[in-house]
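Student: Could we go through a protein model together? I would like to learn how to read one.

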Amino acid sequence: MASLFSLPNELRISSLCSRYPCREQQIRSLATLLSVRAAPSRNIILHGLEATGKSSITKAILEELATEQEATNGTPTGDTPHDSLRYAIVKSAECITGRHLLEQTVGAVAKAVEWKGPVGRCENLSQLVVELSRLLSSWTASENGNSRFVLVFDGIDRQRDAPPTLPPALARLGEIIPSLTILFLLTSPRPQLLHFPGVPHILFPTYTKPELLLILALVLPTPLLPSGEKDTRETHTRFLSAVYDSLSKHSGRDLASFQYVAAQLWPRFIRPVLSGELSPTPFSRLLLANRSMFQDDSVLVPNIISAPTTNPKTTTQASLPKAGKTHTLTNLLPFHSRLLLIASYLASYNPPRLDVILFMKTSLQKRRKKGGGTALSRTTKASASKSRKISRKLLGPQAFVLERMLAIFHAIREESKGARGRGNVNGSADLQTAIATLCSLRLLVRVGSADALDGGARYRVAVGWEVVRNIGRSVGVEVEEWVGE
C-alpha cells in the first residue's frame with residue numbers, strides 16, 4: 001500500500017538546488033506545497049522583486065513534479081492507482097484585458113489536460129468557474145488515483161483592465177474545484193489581497209553580492225582568455241566584484257541588470273589581454289588600465305544599438321571630458337543664453353545694493369587697471385562680514401526683476417570673450433526669446449503673475465554654482481569676481 005504522505009524526491013530537489021543556487025529554502029517549500037502526496041495547498045503566493053527567480057523556479061519545479069509522477073507510476077494498466085500532476089502557466093504580461101486573461105486561462109487548461117472538444121467562450125468569472133469545472137472534472141474522472149492541477153498566474157498584480165475582485169475570486173476556485181491549486185506570482189502583495197486566511201506566502205528576497213557573484217561565476221564568459229579556463233574564472237570573478245562595487249551596487253542590483261552590465265563590459269575589459277599588451281595577473285594592473293570604463297555609467301542604460309568600438313589606447317582619462325562635452329549646457333546653450341543664465345545667477349545671489357559697486361563702468365575700468373579681482377572695498381567686506389557670516393551661495397536664490405538682470409547682462413557682456421562681432425542686442429527680441437527658452441528648460445523660474453514682457457517681471461535662477469562657473473569659463477567670464485561676499 002502506498003504511503004498517504006511522502007515528500008518530493010530528494011534527488012530531484014537536489015538537482016533543482018544545483019541549477020538554482022541560493023534558493024534551496026524556497027524550492028523545498030514550494031515543492032512540498034505542490035506535491036500530490038506532500039502538503040498541497042489551494043492557494044499559494046510567491047512574492048519578490050524582479051529577477052529573483054520566481055517564474056523560472058516555479059516552472060522548473062512543476063516540470064520535475066510532473067515527470068516524477070510519470071516516472072513513479074510507469075505505464076498504468078487496468079485499475080492500478082497512480083498519481084497525476086499537470087499545470088498551466090498564464091502570464092499577465094501577454095494579456096491585454098481582464099477578459100483576455102480569462103480566455104487565455106481556459107485555453108491553457110484545455111491544452112494541459114488534452115481536451116479534444118471545443119472550448120467555450122469565457123467573458124466573466126462565472127463562466128470561468130463553469131469552464132474550469134467542466135475541463136478538470138473530465139480530466140479527474142479519467143485519472144485513477146490522486147490528481148492535482150496547478151494553475152499559475154504570473155504577474156497577476158500588474159494585469160491591465162482587471163476587475164478589482166479578480167484575485168479574491170480566483171482564490172475561491174479551490175473551494176469549488178477540489179483538485180485545483182492556484183499559484184500567484186506577485187511583486188509586492190498588499191495585506192489581505194485574497195480576502196482569504198491561511199494562504200502560505202513564500203518570499204524570494206533579492207540576491208546579495210556574494211550570491212550574485214556565485215551565480216554568475218557558474219557560467220564561463222565569452223571570449224575566454226588565451227591562458228585557459230582557470231585564469232578566465234579567476235579574472236572573471238574579480239571583474240564581477242569590481243563591476244558590482246563601481247556600477248551595479250546602486251544602479252543595477254538585480255540579477256538581470258547585473259548580468260547585462262557584466263556581459264557588456266567583459267570584452268572591453270580583456271581587450272588589452274587579447275592584444276598582448278597586458279597579462280591577466282596582476283589583476284590590479286589590468287583594473288588600472290580599464291579604470292575609465294568603470295567611471296562611465298552609460299552602460300547602465302539599455303540600448304538596441306551596439307556601442308561603437310574604440311581603440312583602447314585612445315580610451316584614456318584625458319579623453320573622457322571630450323566625450324562628455326556634447327552633453328553639457330556649455331555646448332547646448334547659445335552664447336547669449338549662457339550670458340543670460342550667468343546674469344540671472346548674479347542677480348539672484350547678489351544683493352541689489354552691490355550692483356553699483358560691481359557692475360558700474362568706473363568699477364570695470366578700475367578692475368582692468370588692477371588686473372582683475374573683486375570690486376568690493378575692504379570696508380564693504382568688513383561690514384558685510386559683521387552683518388552676515390553665512391555665504392550667499394548657501395542661502396538659496398532670491399527673486400530678481402527682469403530689468404536688473406538685463407542690466408547685469410549688458411555689463412558682463414562687455415567683459416566676456418566672443419562678444420565682439422555679434423552685434424548690438426539693445427532692444428532685441430532675441431533676448432526675450434532666449435529668456436523664454438531658459439524658462440521652458442527649467443533653468444529659470446518665473447515668480448508671480450506679471451507679464452513676461454514686462455520689465456517688472458520677477459524670476460529666480462534654478463541652477464547651481466558649479467554649473468554657472470563652468471558656463472562662465474566657456475564665455476570668458478570668471479563668475480567669482482562678480483559675486484559679492
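The conversation below turns to a cavity, a few strands and some salt bridges.

Tutor: Please keep in mind from the start that this is a predicted model.

Student: Understood. How many cavities of 30 Å³ or more does the structure hold?

Tutor: The structure holds 1 cavity of that kind. The space in the largest cavity comes to about 40 Å³.

Student: Which residues line the largest cavity?

Tutor: The lining consists of Pro 8, Asn 9, Arg 12, Ile 13, Leu 16, Ala 31, Ile 61, Glu 64, Leu 65 and Glu 68.

Student: How many of the lining residues are nonpolar, polar and charged?

Tutor: The lining of the largest cavity has 6 nonpolar residues, 1 polar residue and 3 charged residues.

Student: Let us change topic. Which residues of strand 8 are on the covered face, and which are on the uncovered one?

Tutor: Strand 8 spans residues 458–461. Tyr 459 and Val 461 make up its covered face, whereas Arg 458 and Arg 460 make up its uncovered face.

Student: How many bridges join strand 7 to strand 8?

Tutor: There are 4 bridges between strand 7, residues 444–447, and strand 8, and these two strands run antiparallel. In one of the pairings, Arg 446 has Tyr 459 of strand 8 as its bridge partner.

Student: What about strand 6 and strand 8: how many bridges join them?

Tutor: Strand 6, residues 400–401, is joined to strand 8 by 2 bridges, and this pair is antiparallel as well. Here Val 401 stands opposite Arg 458 of strand 8.

Student: Now to charges. How many salt bridges does a search of the whole structure find?

Tutor: The search finds 13 salt bridges.

Student: Is Arg 28 buried, partly exposed or exposed, and why?

Tutor: Arg 28 counts as partly exposed because its relative accessibility is 30%. Glu 24 also counts as partly exposed, at 43%.

Student: Where do Arg 134 and Glu 131 lie?

Tutor: Both lie in helix 5, residues 125–142, where they are 3 residues apart, about one turn of the helix. Arg 134 is partly exposed, with a relative accessible area of 32%. Glu 131 counts as buried because its relative accessibility is 11%, and the cut-off for buried is under 20%.

Student: One last pair, please. Which residue does Glu 466 meet in a salt bridge?

Tutor: The side chain of Glu 466 meets that of Arg 469, at 2.6 Å from N to O. These two residues are 3 residues apart in helix 21, residues 465–474, so about one helical turn separates them. Glu 466 counts as partly exposed, at 46% relative accessibility.

Terms used: Residues are numbered from 1 along each chain as its sequence is written. This is a predicted model: local features need pLDDT of at least 70, side-chain atom pairs count only at pLDDT 80 or more; totals for chains, interfaces and linings use all residues. Side-chain values use heavy atoms; hydrogens and water are left out. On a 1 Å grid over the protein atoms alone, a cavity is a set of points where a 1.4 Å probe fits but cannot get out, and a pocket is an open set with protein on both sides within 12 Å along at least five of seven lines; lining residues have an atom within 4 Å of a point. Grid points are joined across faces, edges and corners, and a volume is the space filled by probe spheres set on the points. Ala, Val, Leu, Ile, Met, Phe, Trp, Tyr, Cys and Pro count as nonpolar, Asp, Glu, Lys and Arg as charged, and the others, Gly among them, as polar. Buried means under 20% relative accessible area, exposed over 50%, partly exposed in between (1.4 Å probe, protein chains only). Two strands pair if DSSP finds at least two bridges between them. A salt bridge is a side-chain nitrogen of Lys or Arg within 4 Å of a carboxyl oxygen of Asp or Glu.
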